[in-house]
Amino acid sequence: MRYCMAILLLVATALALDSNQLRVVELHGKYGFINREGKLVIPARFDFAWDFSEGLADAWVGAPVDSKVGFIDRTGEFVIPARFDYARAFHGGIAAVQVRGLWGFIDRSSHPIADAALEQVNDFAEGLGAFKSEGKWGYLDTKGARVINPLYDLTSEFSEGLAPAYLNQKCGFIDKKGATVIPFRFERCAAFTDDLAAVKSGLWGYIDKSGSFQIKPGFDSAGVFSEGIAAIARAGKWGYVNQAGELVVAPEFFSPSGSPAAYRFSEGKACVKQRDKWGFIDKKGRFVIAPKFVRCGTFKNGLADVCDAPNHCGYINDRGEFVWSGEP
């Protein structure tokens, strides 16, 4: 019996991983899913959809005025009926859903973890989900119990055991019991990744989990660490630093609008802007996919979403070749 259960678990895990490799596409105003080779494996029959997460994807059906969303599996069939007004992806086996303007959470069997009675919510992470009630933010556990009372002006997801939280216009970090671990003394905070968090104190720098600066404030903007490096900006130009604060890619990427011109690394590549086009660089700052797009995202399971014109988007592989280029 134990052997059979192990086999079933392995099969279920393989199916979930396989479905998570599918990417959502739009075709003639409807949404479906392709595999890594660009083959349409779930027909475009949904009115809207998001990518798969943990083996399920949220998909909408119905006219815009009364459209409803549920969750489909890798066969494209609804396993959670389309009965919600809005829904977000599953994280840790729990998804946020909205009914008549209020939010709650469900598990994979559609059982309510928390009834739709909350003003706003964030996705579950590390076993806790942030919620807003009467203008303040707190956290629920996976059984729907309030484990951190709504005391904060704003919070975010837990990462590496800590969560950024705002109180009286200052930001600090709390643990999973609601204890203040890093005092509320920063202007802005980002999540911990690779044991470092970007915080703003005049300028942006990076602190460790004791609250001490490991990379002193010296940046106009700063992103989260990913694959050991983080995007930073100085004088309007973007580059990358390592965890020692050393520049590994000089700030040379520029966006005239003032918006970020460099994004986090994924699968060894990052989307950056050169003049008016976007492309992908490696960790030495060399272009591995030429800057020829008007927009680009991050790589996931070998594919990245890009647009080579404002109204023409698709997916490329790690060689920069389109595997899906929109409507034929």
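The torsion about the S-S bond of Cys271 and Cys296 is about 80 degrees, so this disulfide is right-handed. The two sulfur atoms sit 1.7 Å apart. The pair links distant parts of the chain, 25 residues apart. Cys271 belongs to strand β28 (residues 270-274), and Cys296 belongs to strand β31 (residues 295-300). Strands here are DSSP runs of E with at least two residues, numbered from the N terminus. Both cysteines are buried, a word that stands for under 20% relative accessible area; exposed stands for over 50%, and partly exposed for values in between (1.4 Å probe, protein chains only).

The model is predicted: local features need pLDDT of at least 70, side-chain atom pairs count only at pLDDT 80 or more, and totals for chains, interfaces and linings use all residues. Residues are numbered from 1 along each chain as its sequence is written, and side-chain values use heavy atoms, with hydrogens and water left out.

Back to the disulfides. A disulfide is a covalent bond between the sulfur atoms of two cysteines. In this model, the rule is a pair of cysteine sulfur atoms within 2.5 Å. That rule gives 3 disulfides. Counting bonded cysteines along the chain, the pattern is 1-2, 3-4, 5-6.

Another of these bonds joins Cys171 to Cys189, with an S to S distance of 2.1 Å. Cys171 lies in strand β18 (residues 170-174) and Cys189 in strand β20 (residues 188-189), so the bond ties together parts that are 18 residues apart in sequence. Cys171 and Cys189 are both buried.

Then come Cys307 and Cys313. Their sulfur atoms are 1.9 Å apart. The torsion about their S-S bond is about 90 degrees, so this disulfide is right-handed. Cys313 is partly exposed, at 33%.

Now look at the loop between β17 (163-167) and β18, where Asn168 is placed. Gln169 lies in the loop between β17 and β18 too. Most residues other than glycine have a negative phi. Asn168 has a positive phi, near 55 degrees. Gln169 is not a glycine either, and its phi is positive at about 65 degrees. Asn168 is exposed, with a relative accessible area of 65%. Gln169 is exposed as well, with 74%.

Next is Lys269, in the loop between β27 (247-254) and β28. Lys269 is buried yet has no salt bridge. A salt bridge needs a side-chain nitrogen of Lys or Arg within 4 Å of a carboxyl oxygen of Asp or Glu. What is the nearest side chain of opposite charge to Lys269? It is Asp318, 4.9 Å away. Lys and Arg count as positive, Asp and Glu as negative; His and the chain ends are not counted. A polar atom of the Lys269 side chain lies 3.0 Å from the backbone oxygen of Glu267. Leaving out residues up to four places away in sequence, Lys269 touches Arg264, Phe280, Ile281, Val288, Phe299 and Asp318. Contact means heavy atoms within 4.5 Å.

Last stop: Asn242. This residue lies in strand β26 (residues 237-242). Asn242 is buried, with a relative accessible area of 17%. Its side chain reaches the backbone nitrogen of Ala244 at 3.0 Å. Neighbours within four places in sequence aside, Asn242 is in contact with Ile215, Phe225, Gly228, Ile229 and Val248.

Technical notes. Helix = DSSP H or I, 4+ residues; strand = E, 2+ residues; numbered from the N terminus. Polar contact = N/O pair within 3.5 Å; in protein donor to acceptor, adjacent residues only side chain to side chain.
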